[in-house]
Amino acid sequence: MENFEAYKLLQGIDSPSDLRALSAEQLPQLAAEIREYLSYRVRENGGHLASNLGVVELTLAIHRVFETPTDHVIFDVGHQSYVHKLLTGRKERFDTLRKPGGLSGFTKRQESVHDAFGAGHSSTAVSAAIGLAQAQALSGNEAFTVAVVGDGALTGGLAYEGLNNCRPDLRLVIIINENEMSISPNTGHLCEHLSHIRSSKKYLRAKAFTANALSRLPLVGKPLYRAMRALKRGVRHLFYRENLFEHMGVHYRGPIDGNDLTGLIASLEYAKQLKSSVILHVKTQKGRGDAAAEANPDLYHGVPPRGTTPCNETFSAAFGSALCRAASADARICAITAAMSHGTGLEPFRAQYPDRFFDVGIAEGHAVTFAAGLAAGDKRPVVALYSTFLQRAFDMLVHDAALQRLPVTLAIDRAGFNAADGPTHHGVFDVAMLSALPGVAIYAPVTLKGVQAALDAALQHGGVSALRYPSGGENARLLAAFYPDGVSDTTPGVRVYDSGVAPCLTVITHGRIAARALHAADTLAKEGIYVRILLCEYLAPYEVLAREVAPLLVGAALFYEEELRAGGFGENLRAALLRGGLLGTRDTHVLGAEDPFACRCEAQDVWQAAGVDAASLTASVRALMTKSKKENIEL
């Protein structure tokens, strides 16, 4: 349990009511203590630092004015909710953030009644908040719903679909938190629009000072301020067009200094008094109070746990280098990312080929259809996305790319389980999604050189293709077992490892989980059970893979993966082997994630929670061996 003795005010905050009991003069000190604590704890555990440092005052103001859980607060993405967690009864467990069995790095309904809606992806808060506010209206409740939406989220179309459906008579407050960053710096015309309608810090300070000064004047102060505000609005509408949000029929107020507690509280009180849908445009400083995070907010968006040894040679970097080499030989190659140029290794490509690099913002669906348009224009687009975010573009993959047989290549980063970020960021659905597409090619390199070979093969494919790889770098055990003679740039194929002479069962797998298969093989070998492990460097077309795998099978066949079992690699390859009459009478079993949303407890890692760890594989092999022996005896 965390010790908060060094934080005089924060140690006494166990619920939002404790915050509301403080005097206005105490709030700046509380904000400073929260910043100091976050800077320490997030660096220890890893997590999202800069975004949370920026919303300290905003979160304090929200909980000062609104009363959760009666009122509802929704944070877009949810990674900017650390201050919210500290204020809503989770302070004592905050040292467990992102640890097994600990607090989630995002909002999570199962974690607290104060988390009205869970989120790990961007641009969902507006739609969710409108739905929640509408539910309150239908039930006759007078509760307020508050959505905190980062300006990066406004590069995603879902936010505008929500705004287009927003009724003006809801008790809804949408706070646009503008900090000019999503993960990579925001790009696009919508970002420029916010820049036009925001004001300088000097203006914001003058505006706040005027409001505070006039409000203190007895009798005439508040009427005078209201008259001045009405006059200013009238002049603005006379000489300037309304902004985008007002055109959508939603009352707009801003910009507001998002790090000025007094002004924020006044603005939220004003929005509450309206009792109708309103947008508050606030401007915060990402990384505020931490010199390093202020200077480099993109680098401090997410920080690793203290003591983590950085991996110098990652799959992401290898992909970026491979794409640059391919682009130097083929001027048709273009790179597309969705606000993740750093995370996907595309910064070198951006620097070398700026006219062929496109950051479309947090708009994965647009990224894929945009790529399809480029492909229709005889370009060779490569879309680099995290696996978890590819889910948002499935319709576009089906309708715009696969249906038209367009050569769109996907670079799927962070494939497989992602332990720290939890279920919202597990890359476990892409194989099942892509396997459903006719004509798709899927590659799964496990070496850095293999990334280049997979990319070259993908770019030669005539339709949708994908290469998927995990975070981090190569696994030494995989290299030693499957590449004893070194890694070459040969065409992706099937690698073979036997744990002993005369193996009696075959494990067919792909990706980094093959290292767990090797660990299971070591355990089984001590029992006199030797297995053959087939490491597939490509998955689809499954009919092609089936013909390559079939001659290598010995004994029963166990398909092993860390992705969703239903519709995934194992089921598809087994079906292809059956269709080709290549399995004979051998027993088969598919071991994959039955529940990829499973939450690990303190004593588990995520593979154990999902039932696909080495021990689970060992047990499955034993069971399959027992079943095969019993059937042979009966025969």
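This is a predicted model: local features need pLDDT of at least 70, side-chain atom pairs count only at pLDDT 80 or more; totals for chains, interfaces and linings use all residues.
Student: What does the chain contain in terms of secondary structure?
Tutor: The chain has 26 helices and 17 strands. Of its 635 residues, 57% are buried. Among contacts between residues at least 6 apart in sequence, 78% join residues at least 24 apart.

Student: Which residues of α14 and α20 meet?
Tutor: From α14 they are Phe315, Ala318, Phe319, Ala322, Leu323, Arg325 and Ala326, and from α20 they are Leu448, Val451, Gln452, Leu455 and Leu459. By class, this contact of α14 with α20 has 10 nonpolar residues, one polar and one charged. Arginine counts as charged, so Arg325 is the charged residue here.

Student: What makes α6 and α7 roughly parallel?
Tutor: The axes of α6 (residues 125-139) and α7 (residues 157-164) cross at roughly 30 degrees and come within 7 Å. The cut-off for roughly parallel is under 35 degrees, and the angle of roughly 30 degrees meets it, so α6 and α7 are described that way. Val126, Ser127 and Ile130 in α6 meet Leu158, Ala159, Gly162 and Leu163 in α7. The residues of this contact comprise five nonpolar, two polar and no charged.

Student: What makes β12 and β17 edge strands?
Tutor: They belong to an open sheet of five strands in the order β12-β14-β13-β16-β17, with mixed pairing. Strands β12 (494-498) and β17 (588-593) each have a single partner strand, so one side of each has no neighbour in the sheet. The twist of this sheet averages 20 degrees from one strand to the next.

Student: How do you know that β16 and β17 count as paired?
Tutor: Pairing needs at least two bridges, and five bridges join β16 (residues 556-564) to β17. The two strands run parallel. Leu564 stands opposite Ala593 in β17.

Student: Which helices lie against this sheet?
Tutor: Helix α22 (residues 514-525) packs on the sheet and touches β12, β13 (505-509), β14 (531-536) and β16. The direction of α22 makes about 175 degrees with that of β14. Helix α24 (residues 569-579) lies across β13, β14, β16 and β17, at about 145 degrees to β16.

Student: What is the strand order in the sheet of seven strands, and which strands are its edges?
Tutor: That open sheet has the order β7-β6-β8-β9-β11-β10-β15, with mixed pairing. Its edge strands are β7 (357-359) and β15 (538-540), each of which pairs on one side only.

Student: How do you know that β9 and β11 pair?
Tutor: The requirement is at least two bridges, and β9 (residues 409-413) and β11 (residues 465-468) pair in the parallel sense over four. Leu410 stands opposite Ala466 in β11. Helix α16 (residues 364-376) packs on this sheet, touching β6 (333-337), β7 and β8 (380-386).

Student: Why is Ser387 called buried?
Tutor: Buried means under 20% relative accessible area; Ser387 has 0%, so it counts as buried. Ser387 lies in helix α17 (residues 387-390). Beyond its neighbours within four places in sequence, Ser387 contacts Ile412, Asp413, Arg414, Ala415, Gly427, Val428 and Asp430.

Student: What sets the phi of Lys275 and of Ala339 apart?
Tutor: Most residues other than glycine have a negative phi. Lys275 has a positive phi of about 55 degrees, and Ala339 a positive phi near 65 degrees. Lys275 is in the loop between α12 (261-274) and β5 (278-283). Ala339 lies in the loop between β6 and α15 (347-352), and at 4% relative accessibility it counts as buried.

Student: Which peptide bonds are cis?
Tutor: Among them are the bond from Thr68 to Pro69, with omega near 5 degrees, and the bond from Ala540 to Pro541, with omega near 10 degrees. Pro69 is in the loop between α4 (56-65) and β1 (72-75), and Pro541 in the loop between β15 and α23 (542-549).

Technical notes: Residues are numbered from 1 along each chain as its sequence is written. Side-chain values use heavy atoms; hydrogens and water are left out. Contact means heavy atoms within 4.5 Å. Axes are lines fitted to C-alpha atoms, for helices over the stretch in contact, and angles run from 0 to 180 degrees between N-to-C directions. Buried means under 20% relative accessible area, exposed over 50%, partly exposed in between (1.4 Å probe, protein chains only). Angles under 35 degrees count as roughly parallel, over 145 as roughly antiparallel, 65 to 115 as roughly perpendicular and the rest as oblique.
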